Amino acid sequence: MNKMASVRLACHAMATRFELLVAGSDEAQLRGAGEEAVAMIQRLEAQLSFYRATSDVGRLNARAAYGAVAVEPALFRLLQRAHELHAATAGMFDITVGPLMRCWRFVRDTGSVPAPAELADARRRVGMRHVELDAMECTVRFARDGVELDLGGIAKGYALDRAAVVLRDAGVEHALLHGGTSSILAFGTSHDEQPWKVAVEQPRTHGATQPLAVVALHNRALSVSAVWGKAFSSNGKVYGHVMDPTMGRPVKRAGLAAAVSDSATDADAVATALLALGAARAGSCLAQLPGTFGLIVTDDDIDKGRVSFSHGIDLVPARTGLHSIAKAYNHA
Amino acid sequence: MHDPKHPPLPAALDRRDFLRRGSIASMAVMVGGVELHAAPAPRHGTAYRRKLGDERVACGIIGYGEWGREIAATLDRIENARVEAICDTFPLMLQRAAGSFTDVTLYDDYRQLLDNAAITAVFIATPTHLHRDVVTEALAAGKHVYCEVPLAHTLADTRAIAEAAQAATDSIFQCGLPYRSNPQHRNIFQFIRSGAIGSASAARAQWNRKNSWRRASATTARERELNWRLDHALSTGLMGEIGLHQIDVAGWIVRAAPVAVVGSGQVMHWRDGRRIADTVQAIFEFDGGLHFTYNATLANSFDGEYDAFYGNDGTVVVRDSKAWLFKEVDAPLLGWEVYARKDRFYREEGVALVADATKLAAQGIDPAADDPNVETPLFYALEEFVDNNLNGPFPPAAGIIEGHNATVVALKANEAVVRNARVEYDPSWFLTAD
């Protein structure tokens with residue numbers, strides 16, 4: 001294919017910046033397709049936002065404890081997938097983690113250690129067992145009050161998956177999309193007819209000039225999660241904002257995790273879960289998700305510049321050929 | 001058992017909570033920008049909900065593009081509506097429909113959908129220039145019709161649709177002017193008409209986006225069909241496809257059609273060979289000297305979309321589902337605004353009015369926060385149409401007269417833009433209720 005043209009589009013959504021690079025032969029056609037994809041991302045933000053009372057998620061959180069709430073089939077399928085990912089990650093990816101985040105003051109706050117009673121109450125309200133999905137009626141019901149769904153852990157990836165479908169439907173064959181540089185999806189090839197190359201940066205700069213890893217993405221997605229960016233200290237301990245839903249407290253010794261999958265939704269969920277699972281349990285999780293790969297750098301290994309766990313991700317840094325917007329580094 | 005589309009709301013509210021919220025409520029209706037949180041939007045799921053058993057309106061959607069999908073998704077949330085048929089000429093759209101709805105019949109020819117006797121209400125969201133045949137045949141088939149606006153791309157087609165709708169006395173016809181059904185707008189207009197901004201001095205509205213307005217498809221033929229908005233022979237331009245809604249709001253509040261419009265338009269950014277202006281301006285003149293200025297552009301997104309109504313005592317700005325009152329410093333005290341929430345807009349202070357705050361508090365909703373029960377204007381419009389199907393007929397908020405006249409105003413405004421000229425509205429172009 002003659003890729004003479006490329007168009008770059010961007011929008012602010014989900015508290016971050018999405019960027020789309022679409023390539024092909026007809027600039028006007030690429031822009032039209034890209035704009036439709038951007039509209040899809042913005043529509044999904046309006047649907048999935050935890051913070052907007054008028055979003056579908058906001059309505060679910062307000063009403064589902066009082067009775068079954070019908071949702072759009074596509075959103076229902078996303079919730080089903082979240083349920084499956086929860087099971088595949090031993091509960092580490094959990095869209096009901098909101099009460100814990102709130103209790104540890106990570107929601108619109110700087111974080112603090114909760115009182116035991118408050119923590120116990122929050123833990124009672126967390127868990128996918130509280131979320132009842134009725135596939136026949138396409139409804140959602142919470143088994144108790146106080147349950148909240150927060151799709152923030154997969155919303156960016158899901159938006160990329162949906163945007164990619166829009167682009168393909170419009171005839172786009174080559175594109176690289178990212179949300180906040182931490183969720184990335186690519187299909188087709190880059191300008192040099194090679195798979196899009198995305199660098200995972202070293203967790204901390206410390207003078208590091210080479211990326212931690214380079215991932216060649218061809219019809220695949222990459223997600224990177226890291227604990228820093230939002231953390232607090234108390235009594236000499238540092239608490240990051242990535243939560244272990246099973247223990248009800250922030251993950252210990254986590255550093256950075258990355259996941260590669262056919263689905264950006266899955267990649268987002270797995271990257272978050274790998275941080276909580278740690279190197280010892282990551283392998284069993286990935287074994288349940290064929291075609292999904294990952295790497296972990298624990299907090300202990302960060303300063304040593306060492307990868308703690310890797311499964312199927314190329315760790316050989318490439319010195320050239322990185323695409324300019326392909327810089328995967330962010331917090332979870 | 002409750003209906004899952006509208007489960008009951010939390011009812012529990014302890015006394016302290018009630019008093020706290022009650023005091024907010026009583027204060028809220030009193031104060032620089034006062035948010036006119038307008039309407040006590042219908043509280044679906046409680047007393048507002050009707051018990052109609054399993055009775056549902058069987059809906060068919062003709063045209064499953066972006067807006068058709070929005071209509072379908074919105075109908076899916078309406079208690080007494082059921083999307084049973086979807087028609088589009090493009091297979092990909094039907095694939096999307098199949099992915100979004102179960103038990104829906106798909107058609108690639110609208111006549112087949114109209115032949116389906118089980119479908120009683122059709123929603124027409126095809127390109128504007130295709131409305132006429134679809135509407136007239138749908139009415140002839142005895143369907144109730146909800147048709148998007150502009151009703152047509154020519155005055156002749158618009159008139160033909162109106163005549164067909166008026167002749168079909170057994171069919172309900174509602175046009176897609178959703179602000180007309182929006183409780184927020186109604187409440188705000190009551191507020192303005194009550195004299196809160198004094199005597200009107202001017203009105204202004206804008207719609208700014210950065211978007212090429214171009215659609216893409218995997219096939220060239222389909223792409224040509226999709227880009228009818230950029231086709232000089234078919235498009236009603238920004239005035240018709242976008243401005244119509246805000247222009248209609250201005251005429252609605254003034255309760256009159258404009259007497260003339262001066263327009264201009266330019267291609268300022270998307271120089272891809274198009275002749276359709278990507279930036280337009282128009283000034284509408286009303287009887288009595290009031291002027292309404294409208295700007296729309298596809299070249300810049302700053303400040304998005306809003307409507308402003310100016311008077312000698314204050315200004316009301318309507319944005320999304322909210323509104324604020326900006327009082328003149330010498331304006332008389334209304335009373336309620338003293339304690340209402342105020343939002344800063346640079347050096348201006350807008351008074352945010354939360355009407356019916358006590359009821360919000362009683363439902364456990366903070367009057368100062370976004371109300372999870374507030375729906376989109378489209379939801380209220382479609383809900384009204386569905387309700388009319390089941391329990392009507394009653395005159396729709398946006399019937400054929402409103403749709404016809406709004407279309408005439410917009411088509412002539414587009415003509416003014418294209419000709420860079422002043423166009424006077426001939427009263428004979430408009431329909432009246434008589």
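C147(B) is buried, with a relative accessibility of 0%. The model is predicted.

**Cysteines**
- Over all chains, a search of the whole structure finds 0 disulfides.
- In chain A, C103(A) has a relative accessible area of 4%, so this residue counts as buried, the limit being under 20%.

**The sheet of chain B**
- Chain B has an open sheet of 6 strands with parallel pairing, in the order β4-β3-β2-β5-β6-β7.
- Its edge strands, β4 (105-107) and β7 (173-175), each pair on one side only.
- From one strand to the next, the twist averages 25°.
- Strand β6(B), made of residues 144-147, pairs with β7(B) in the parallel sense over 3 bridges.
- Strands of a sheet pair through backbone hydrogen bonds.

**Helices on the sheet**
- Helix α2(B), residues 66-75, packs on the sheet and touches β2 (57-62), β3 (81-87) and β5 (121-124) of chain B.
- The direction of α2(B) makes about 165° with that of β2(B).
- Helix α5(B), residues 131-140, lies across β2, β5, β6 and β7 of chain B.
- Helix α5(B) runs at about 160° to β6(B).

Definitions and conventions. Residues numbered from 1 in each chain as written. Chains lettered and ligands numbered in written order. Predicted model: local features only at pLDDT ≥ 70, side-chain atom pairs only at ≥ 80, totals over all residues. Heavy atoms only, no water. Disulfide = S-S within 2.5 Å. Buried < 20%, exposed > 50% of the residue type's maximum accessible area, 1.4 Å probe, protein only. Pairing = 2+ DSSP bridges. Helix = DSSP H or I, 4+ residues; strand = E, 2+ residues; numbered from the N terminus. Axes fitted to C-alpha atoms, helices over the stretch in contact; angles between N-to-C directions. Contact = heavy atoms within 4.5 Å.
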